[in-house]
Amino acid sequence: MKKAIYYIILALNLSACVEVHFGHPQPLDAKNETRFPVAWQGTYTDQDNDTLTINAQSYSYGKGDSILSISQGPEKLSDELILRHFTDNTYFISGKNDSLWNVLMITERSKNSIDVSMIVVDEEKPTNIAAMKDITTVKEHFNSSGKLESYSVDPTAKELDAMLKKKVFTKVARFKRIK
């Protein structure tokens with residue numbers, strides 16, 4: 001379960017990016033939700049025809065029509081997979097990855113469309129790290145051969161707001177409702 005969000009990130013072809021992990025589920029000042037919003041429950045597809053199914057307390061994400069879940073799902077909300085409300089139409093889902101958290105922002109764009117956003121750091125978006133460093137402490141993590149493997153941040157609620165204003169989260173997928 002701790003890799004639930006990671007599998008979605010991989011499936012969205014973002015494996016060439018340097019990951020950004022969080023010290024805690026986001027936003028810090030929000031309570032954990034026990035259910036996905038009723039309006040979001042249903043089945044969606046993205047631009048690659050991958051399928052996302054959201055139920056009351058779980059989701060699954062799979063390739064094509066098979067719903068062979070990449071995340072070995074369905075993934076259920078728990079102490080290691082946390083959903084938190086942010087604004088009327090935006091939630092954050094945080095999946096525990098060892099001692100850190102992978103965080104996705106999910107935004108309802110319309111009754112039939114959900115966007116998934118995350119912090120993308122690659123050759124096309126190097127400014128995201130500079131923007132975050134202006135707001136909060138950013139730690140760099142290197143592998144045993146000295147290659148940069150990931151970043152980690154632990155923003156306060158106010159710092160998360162500032163990060164959102166600087167648009168450090170990038171839309172990585174749009175899912176359209178099919179059921």
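This is a predicted model: local features need pLDDT of at least 70, side-chain atom pairs count only at pLDDT 80 or more; totals for chains, interfaces and linings use all residues.
**Entry 1: Trp40 and Tyr91**

Trp40 and Tyr91 are both buried. I then checked how their rings sit. The ring centres of Trp40 and Tyr91 are 5.1 Å apart and the planes meet at 70 degrees, so I noted the pair as edge-to-face; the cut-off for that label is over 60 degrees. I also looked up where the two residues lie in the chain. Trp40 is in the loop between strand 2 (32-33) and strand 3 (42-45), while Tyr91 belongs to strand 9 (residues 90-97). They are 51 residues apart, and the pair links distant parts of the chain.

**Entry 2: the wider search**

I searched the whole structure for aromatic pairs and found 5. One of them is Phe22 with Phe169. Their planes are at 25 degrees and their centres 6.4 Å apart, so this pair is stacked. Stacked requires planes under 30 degrees apart.

Phe22 has a relative accessible area of 1% and is buried. Phe169, at 10%, also counts as buried, because the limit is under 20%. I recorded one aromatic cluster made of Phe22, Phe86, Phe92 and Phe169.

**Entry 3: confidence**

I looked up the pLDDT last. The mean for the protein is 83, and 83% of its residues reach 70 or more. Residues 64-71 fall below 50. In the model, this stretch has 24 contacts beyond near neighbours in sequence.

Note on methods: Residues are numbered from 1 along each chain as its sequence is written. Side-chain values use heavy atoms; hydrogens and water are left out. Rings of Phe, Tyr and Trp (its six-membered ring) pair if their centres lie within 6.5 Å; planes under 30 degrees apart count as stacked, over 60 as edge-to-face and the rest as tilted. Buried means under 20% relative accessible area, exposed over 50%, partly exposed in between (1.4 Å probe, protein chains only). Helices (H or I, at least four residues) and strands (E, at least two) are DSSP runs, numbered from the N terminus. pLDDT is the predictor's confidence in each residue, from 0 to 100. Contact means heavy atoms within 4.5 Å.
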